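Subject: Structure handover

Hello,

Here is the structure for your work, with notes on what was found in it below. Please look it over before reading on.

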Amino acid sequence: MQHDTQHEQHSHHERGEQHRRHTGRSRRVDHGEHAAHSGHADHTSHTGHHLGKAGWAIAAQATLHCLTGCAIGEILGMVIGTALDWGNMETMVLAIVLAFFFGYTLTLHSIRKAGVDFRTALRVALAADTLSIAMMELIDNGVIALWPGAMDATLSDTLFWGALVLSLAVAFVVTTPVNKWMIGRGKGHAVVHQYHH
């Protein structure tokens, strides 16, 4: 009888230990799940914060990306227009068209590298760069048009290159805040960044 009582106490003790171990494990799992959920919430919060307050560095990088395409297109347009002995207006139109083409092409290439299909990449590039490139071209060509003698300068003239560099610099300074505003609202190059993360 005493032996049976001891056996029951021993069994009860083992069940208590198992219950404590199981409860402890459940708490650890729940705690781990909670931590994972908190991490996800922090990531979401960080992403929202990132879009809500885009930094100047990100905006400058996006503007520089557009500026590179614009510069390539404009210089190539000027070279072709001069080589073909075109007038100022024809040369400027060609330069603007090529600026858009190379601006879109650079963005398209970077998105395609992330494995996105061509049609989607093209839509993203158009959405991301159109306003930025349009502003740059407006400012850039406006500075050149207003600069005395710049429109008539040839590729061998210092005035031509000086006016081009200054116009691109002014376009960069003016367009960067616009890109910052757009990225902060999840537009412009914020759309492009979604395909790089």
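Helices here are DSSP runs of H or I with at least four residues, and strands are runs of E with at least two, numbered from the N terminus. Counted that way, the protein chain has six helices and zero strands. The order along the sequence is α-α-α-α-α-α. Please keep in mind that this is a predicted model.

Confidence

The mean pLDDT of the protein chain is 75, and 66% of the residues score at least 70.

Chain as a whole

The protein chain has 197 residues, of which 31% are buried. Taking contacts between residues at least 6 apart in sequence, 72% join residues at least 24 apart.

Packing of α2 and α4

Two packed helices are described by the angle between their axes and the distance between the axes. For helix α2 (residues 56-83) and helix α4 (residues 118-146), the angle is about 55° and the axes are 10 Å apart. Angles from 65 to 115 degrees count as roughly perpendicular and those under 35 as roughly parallel; α2 and α4 are therefore oblique to each other. The crossing of α2 past α4 is right-handed.

Which residues meet where α2 and α4 come together? On the α2 side they are T63, C66, L67, C70 and E74. On the α4 side they are D129, S132, I133, M136, E137, D140 and N141. Sorted by class, this contact has five nonpolar, three polar and four charged residues.

A95

Is A95 buried or exposed? The relative accessible area of A95 is 0%, and the cut-off for buried is under 20%, so A95 counts as buried. Setting aside neighbours within four places in sequence, A95 is in contact with G73, E74, G77, M78 and E137.

Regards

Terms used: Residues are numbered from 1 along each chain as its sequence is written. This is a predicted model: local features need pLDDT of at least 70, side-chain atom pairs count only at pLDDT 80 or more; totals for chains, interfaces and linings use all residues. Side-chain values use heavy atoms; hydrogens and water are left out. pLDDT is the predictor's confidence in each residue, from 0 to 100. Axes are lines fitted to C-alpha atoms, for helices over the stretch in contact, and angles run from 0 to 180 degrees between N-to-C directions. Angles under 35 degrees count as roughly parallel, over 145 as roughly antiparallel, 65 to 115 as roughly perpendicular and the rest as oblique. A crossing is left-handed if the near helix is turned anticlockwise from the far one by less than a right angle, and right-handed if clockwise. Contact means heavy atoms within 4.5 Å. Ala, Val, Leu, Ile, Met, Phe, Trp, Tyr, Cys and Pro count as nonpolar, Asp, Glu, Lys and Arg as charged, and the others, Gly among them, as polar. Buried means under 20% relative accessible area, exposed over 50%, partly exposed in between (1.4 Å probe, protein chains only).
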